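Me: I have a structure open and would like to talk it through. Could we start with its overall form?

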Amino acid sequence: MKRRKLWHIIRKTKVIEELAVLLISMVLFAILLARLEPGIATFGDGFWYTFSVVTTIGFGDIVAVTVVGRILSVILGLYGLFIIAIITSIVVNYYQSNKDYFED
């Protein structure tokens, strides 16, 4: 029942579209970084790096060393933080405004 409620919130608030744009951005940045950064040899490494940047985990096993790579990392990191904050606030706000509907 709780999954159904969460899925209802996700559909109503169109959060899926925001997540899709974030995922597409991660893929594009991973392709760019794999071509530009000497320490990022494959798309898989690039995607791993973009994931660690967006989630702010920053494992440090792969780092950007070129100016362009660092600028792309900053842009992606800020965009990821912004999107995650927006998605969280949309879901919480929707839930709060429709609290009666979601109570068991």
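Me: What radius of gyration does the chain have, and what would a compact globule have?
Reply: In this predicted model, the chain has a radius of gyration of 17 Å, whereas a compact globule of 104 residues would be near 13 Å. The radius is taken over C-alpha atoms, and the globule rule is 2.2 Å times the number of residues to the power 0.38.

Me: How is the model to be read?
Reply: Local features need pLDDT of at least 70, side-chain atom pairs count only at pLDDT 80 or more, and totals for chains, interfaces and linings use all residues. Residues are numbered from 1 along each chain as its sequence is written, and side-chain values use heavy atoms, leaving out hydrogens and water.

Me: How many helices and strands are there?
Reply: The chain has five helices and zero strands (DSSP runs, H or I of at least four residues for helices and E of at least two for strands, numbered from the N terminus).

Me: Where is T50, and is it buried or exposed?
Reply: T50 lies in helix α3 and is buried, with a relative accessible area of 0%. Buried means under 20% relative accessible area, exposed over 50% and partly exposed in between (1.4 Å probe, protein chains only).

Me: Which residues does T50 touch?
Reply: Leaving aside neighbours within four places in sequence, T50 is in contact (heavy atoms within 4.5 Å) with M26, F29, A30, L33 and L76. A polar atom of the T50 side chain also lies 2.9 Å from the backbone oxygen of F47.

Me: And I40, with which residues is it in contact?
Reply: With that exclusion of neighbours within four places, I40 is in contact with L33, A34, D45, G46, Y49 and I62.

Methods: A polar contact is a pair of N or O atoms within 3.5 Å; within protein, one must be able to donate a hydrogen and the other to accept it, and residues adjacent in sequence count only if both atoms are side-chain atoms.
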